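Subject: Structure for your files, with notes

Hello,

Here is the structure we discussed, followed by my notes on it. Please read the notes with the model open beside them.

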Amino acid sequence: MASQGLELAAPPAPTVSAGADIQQAGEMAAPRPAVRDVAAARPQRRGRLSLLALLPAVAAAVALALHTWLPNGQKGANPTRLYPALLSGMIAFGVFVFLTQRLWRPIQPTRRTFLYAVPSNVLHWCVVNAPLPAAGVLLLCAWDLVTLKFALMPLPYFPGPDAVIQTLVDDWASAGQGQPGLFECMTHSLALLFCGYLLGAFLGVTCGVLIGWFRLARYWGMPVMKLVGPIPATALIPMSLMLFHSPMMSAVALVALAVWFPVTMLTLSGVMNVRGSYLDVARTLGARPAYLIFRVAIPAAAPSIFVGLFMGLGASFLTLVVAEGVGVQAGLGWYIDWARAYSDYSKVYAALVIMTAYFSTIMTLLFKVRDRVLVWQKGVIKW
Amino acid sequence: MASPATGHGRDDAWSLRVVDVSKHFLAPDGSDVHALEGTSLSVAAGELVSLVGPSGCGKSTLLRLLAGLETPSSGELWAGNERIAEPSADRGLIFQDPNLFPWLTVRKNLQAGLVARGVLREKRHEVEELMRLVGLEAFANAYPHQLSGGMAQRAAVARALVNHPHVLLLDEPLGALDAFTRMRMQDEVLRLWRARGTTMLLVTHDIDEAIYMSDRIVLMTPRPGRIERVIDVRLERPRQRNDPRFLALRAEILEELHFAGRATSGAA
């Protein structure tokens, strides 16, 4: 794609000439997420495969060789066939990506091209960012070495990747002893997070707009914000449990509270800092207060609101995990607490692996929403 | 060119009257700033009047008062038979900074006035005409940060015109543009003025611009801000920037504002 190299070469500069404007407008016509991988812009010579794309397969082969041929050092470890099978799969996949590397191109997914575009984008990412999965595999290998192989870190606290992966599979449907499995914990946490976050974000934006816009609301609201805001939501767990009776409701309320504070703060600051001239212009165009609030103040504050939403999301993860440890009978936080009580540390790590994937996915989703809502900021602000 | 508004009743609604208006501000350091003192001015319907003067002479304040964005400390402001108390879609305001809403595309920016008044459905087609009029139809879906300064200012003018205001208040609308864009934009504004018969009040730092464009020039002086003198520009349009009478008028205004140079100002 032609504009890809252009974006990389020169960030949009302020332009005066009409020609440059047309060029920029053309670029804008198809908004795409900024291309981060430098390798994508590098012209590939025909007929030669980039050896870089083979790195993950090589790393997986090294990890497999060490895992197979080094003797196990940890006493009581019970290695299974799952980890070697996973590594073998990675080797096969890596070789496949290496051999087919020139087939994959980044494609803007549309309804018609969706089935082809998504795998093509993923595989293209694997080709141009090959060092990243390779580093990931090497990290697994290092973990395997310091635990299972050389026993530098003892059992039961530090199980190897082999044991954790096995636990992920075993505990997926049920954790044993009639307890909910990882899948159920994920859906449970998701439901809790979803309700709490949306509630908190909605209340936060509402309070922020009220306090930011109306003098009376600011007079009474600001002291409340200053007093209640800095209290960590987790410190309110005992009170919340008594107020709400159901531990599930209490956890939702705590997550909502944790999200509410940063969202309110950043929203009100965004609303209070709306450029007066935007409001003046709108008023001379015949705008009533509803237009000023919903069509000027809130969009103008949107970048700031999103900062609050990101801060709130971080706070919601923290609060979720802690709140789930109290009273709730399922969820990732509960699962970690429960596994630790039984000293089953491979379960703890399995839950951490799931959380990593899970929370980073949610964070990525929020970034996507941000990119879509704040598309007008593209090329103005970068973070 | 035929004005859509020529005819009976126009004079009432399209004229401006400022009656003995003063405006005091409380400065951040607690002192009282006399931005405008005992100012009176009448602008006839369809007239183009410039306000010229050094900064601090209250010309922008006067414009904001007429827009209804500020209330006077004393005195009255009238738009036709209506006392100005709040902003109205009948009186458009254009700033030096285009102040396009950065979160809206050019088209949506131009539609803003229609949306604000709740008449988008009936008048949507007018936005397309306006975009053609100011030559922005190719940039309808661009965001403001993708426009050059001149294009953004044209969009801002078009946005103010969408409500068919009787009066356009222009606060140094061309001040941020380079000299060539500026001269071209002056002609474009004049073209709009003739086509629509809009009453225009133009604040400017640029004496050439004032002479080139206006029927009358109001000279203002600072501390306290007040009107020093009103000059009729009796040059036929289109005006020549190098006409001797143009240059003579320019010299006269410079002298009045004490910027003519050491020798002449000493004599005056």
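Two strands count as paired if DSSP finds at least two bridges between them. Helices (H or I, at least four residues) and strands (E, at least two) are DSSP runs, numbered from the N terminus. This is a predicted model, in which local features need pLDDT of at least 70 and side-chain atom pairs count only at pLDDT 80 or more, while totals for chains, interfaces and linings use all residues. Residues are numbered from 1 along each chain as its sequence is written, and chains are lettered from A and ligands numbered from 1 in the order in which they are written.

The sheet in chain B

Chain B has an open sheet of 4 strands in the order 2-1-4-5, with antiparallel pairing. Its edges are strand 2 (32-43) and strand 5 (82-83) of chain B; each has a single partner strand, so one side of each has no neighbour in the sheet. Strand 1 of chain B runs antiparallel to strand 2 of chain B, and 8 bridges join them. In this pair, Val18(B) has Leu41(B) of strand 2 as its bridge partner. The two strands form a hairpin with 5 residues between them, and Gly30(B) in the turn has a positive phi of about 95 degrees. Strand 1 (residues 16-26) of chain B also pairs with strand 4 (residues 74-79) of chain B, antiparallel and over 5 bridges. There, Arg17(B) stands opposite Trp78(B) of strand 4.

Helix packing

Axes are lines fitted to C-alpha atoms, for helices over the stretch in contact, and angles run from 0 to 180 degrees between N-to-C directions. In chain B, the axes of helix 3 (residues 106-117) and helix 5 (residues 149-161) come within 7 Å and cross at roughly 30 degrees. That makes helix 3 of chain B roughly parallel to helix 5 of chain B (angles under 35 degrees count as roughly parallel, over 145 as roughly antiparallel, 65 to 115 as roughly perpendicular and the rest as oblique). The contact (C-beta atoms, placed from the backbone, within 7 Å) involves Val106(B), Asn109(B), Leu110(B), Ala112(B) and Gly113(B) of helix 3 and Ala155(B), Ala158(B) and Arg159(B) of helix 5.

In chain A, helix 13 and helix 14 (residues 332-341) pack at an angle of about 50 degrees, with their axes 7 Å apart. That makes helix 13 of chain A oblique to helix 14 of chain A. Leu320(A), Val321(A), Val322(A), Ala323(A) and Glu324(A) of helix 13 meet Leu332(A), Gly333(A) and Trp334(A) of helix 14.

Domains of chain A

Chain A is divided into domain 1 (47-170) and domain 2 (183-377), with bounds from an automatic or database domain assignment. The centres of domain 1 and domain 2 of chain A, taken over C-alpha atoms, are separated by 35 Å. Their contact takes 7 residues from domain 1 of chain A and 7 residues from domain 2 of chain A.

The interface between the chains

In the A-B interface, 23 residues of chain A are in contact with 28 residues of chain B. On the chain A side, helix 2 (18-29), helix 12 (276-284) and helix 13 (289-324) each supply at least two residues. Helix 12 of chain A gives the most to this side, with 7 residues.

Regards

Conventions:
Contact = placed C-beta atoms within 7 Å.
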